[in-house]
Amino acid sequence: MSSRTSARIAVLKGGPSAEREVSLVSGVECAAALRNEGFDVVEIDAGPEVVRDLKAARPEIVFNALHGRWGEDGCVQGILEWLRIPYTHSGVLASALAMDKTRAKQVLAAAGLPVPKGKLVGRDEARTAHPLPPPYVIKPNNEGSSVGVYIVPDGGDPARIAEDMSEVVLVEEYISGRELTTTVMGDRALAVTDIVSDGWYDYHAKYAPGGSHHVIPAQIPADIEAACLDHALRAHRALGCRGVSRTDFRWDEARGVEGLYLLEVNTQPGMTPTSLVPEQAALSGISFGALVRWMVEDASCSR
Ligand SMILES: Nc1ncnc2c1ncn2[C@@H]1O[C@H](COP(=O)(O)OP(=O)(O)O)[C@@H](O)[C@H]1O
Ligand SMILES: [Mg+2]
């Protein structure tokens with residue numbers, strides 16, 4: 001698509017979600033790479049006046065660097081459809097579906113993909129008695145940030161679960177083992193990364209600087225690697241994702257391929273040069289600049 005070589009691009013970044021800070025970093029980095037690729041780039045911090053700002057910027061294409069609610073759940077995608085501005089990543093339905101972990105898991109299970117057993121329960125009910133035999137995980141059904149994920153270990157006390165949880169929470173069987181993730185770029189799954197964190201049950205530590213490191217390609221058996229690549233591509237297709245997505249797994253290695261579970265599909269994964277997706281692209285010989293260029297060339301409406 002040579003007409004897009006020097007197109008005017010608006011990078012949407014920031015926004016009001018819990019992942020605002022990460023998105024600001026993704027946005028700045030993507031904007032710099034797009035400028036370096038020769039595009040005419042304007043950066044927009046997506047606030048209440050996002051429609052006015054988009055109309056003023058008059059972009060030919062929107063590069064969506066938002067994460068979390070409003071930017072990753074179909075809301076901003078609906079605005080861009082309404083304005084008829086081609087945009088990157090997934091469309092309205094796939095974004096909304098992937099953000100709703102329970103409904104996404106129903107679609108993934110129907111496609112024959114392995115997901116942890118779980119259910120939605122009222123927060124107060126979850127605090128009164130164990131909704132599942134421990135160990136299990138309690139997490140928000142539709143937040144993109146890992147904040148708010150609680151592990152209830154064997155012998156754990158459900159009453160200690162935070163009061164600031166949403167009224168309804170997702171309760172899931174705890175999958176012990178390793179944390180794997182795979183990027184899909186169009187019709188191709190790129191690689192598997194093993195995210196190694198220092199903490200024991202401490203999932204917050206993973207997101208602090210130095211709290212985790214990435215082993216890429218993951219040092220795992222060939223059948224597990226093949227299963228991650230296969231499952232990520234099938235998940236991307238089952239949810240109707242477009243452009244780039246990233247699928248998170250847990251793998252209980254003692255159980256071989258039977259121990260591999262798909263946790264969620266991220267439709268707006270982190271996009272700094274040291275994020276998981278750009279690292280997997282680099283391993284496949286695709287530079288950060290080539291990756292953002294590909295996203296722009298792949299952009300459309302009615303996705
Ligand atoms: N069922 C589970 N078993 C074990 N760990 C889990 C489970 N669900 C979530 N986690 C842990 O919490 C992290 C965040 O959960 P995830 O479902 O990916 O939501 P998000 O990344 O949107 O917050 C995972 O990367 C994993 O470390
Ligand atoms: Mg995740």
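Modeller: Before we start, two strands pair if DSSP finds at least two bridges between them. Helices (H or I, at least four residues) and strands (E, at least two) are DSSP runs, numbered from the N terminus. This is a predicted model, where local features need pLDDT of at least 70, side-chain atom pairs count only at pLDDT 80 or more, and totals for chains, interfaces and linings use all residues. Residues are numbered from 1 along each chain as its sequence is written, chains are lettered from A and ligands numbered from 1 in the order in which they are written, and side-chain values use heavy atoms, with hydrogens and water left out.

Colleague: Thanks! How do strand 1 and strand 2 pair?

Modeller: Strand 1 (residues 8-13) runs parallel to strand 2, and six bridges join them. Ile9 has Val41 of strand 2 opposite.

Colleague: And what is the strand order in that open sheet of three?

Modeller: The order is 2-1-3, with parallel pairing. Strand 2 (40-45) and strand 3 (61-64) are the edge strands, each pairing on one side only. From one strand to the next, the twist averages 25°.

Colleague: Which strands does helix 2 touch?

Modeller: Helix 2 (residues 50-57) packs on the sheet and touches strand 1, strand 2 and strand 3. Its direction makes about 165° with that of strand 2. Contact here means heavy atoms within 4.5 Å. Axes are lines fitted to C-alpha atoms, for helices over the stretch in contact, and angles run from 0 to 180 degrees between N-to-C directions.

Colleague: Switching to the metal: which residues are the protein donors of the magnesium ion (ligand 2)?

Modeller: Asp248 (OD) and Glu264 (OE), lying 1.9 to 2.3 Å from the ion. Asp248 belongs to strand 11 (residues 244-251) and Glu264 to strand 12 (residues 260-266), 16 residues apart. Donors are N, O and S atoms within 2.8 Å of the metal (3.2 Å for Na, K and Ca); water is not among the atoms, so sites may look incomplete.

Colleague: Is Asp248 buried or exposed?

Modeller: Asp248 is buried, at 10% relative accessible area, and Glu264 also counts as buried, at 17%. Buried means under 20% relative accessible area, exposed over 50%, partly exposed in between (1.4 Å probe, protein chains only).

Colleague: What order do the strands take in the open sheet of five?

Modeller: The order is 10-9-8-11-12, and the pairing is antiparallel. Strand 10 (212-215) and strand 12 have a single partner strand each, so one side of each lacks a neighbour in the sheet.
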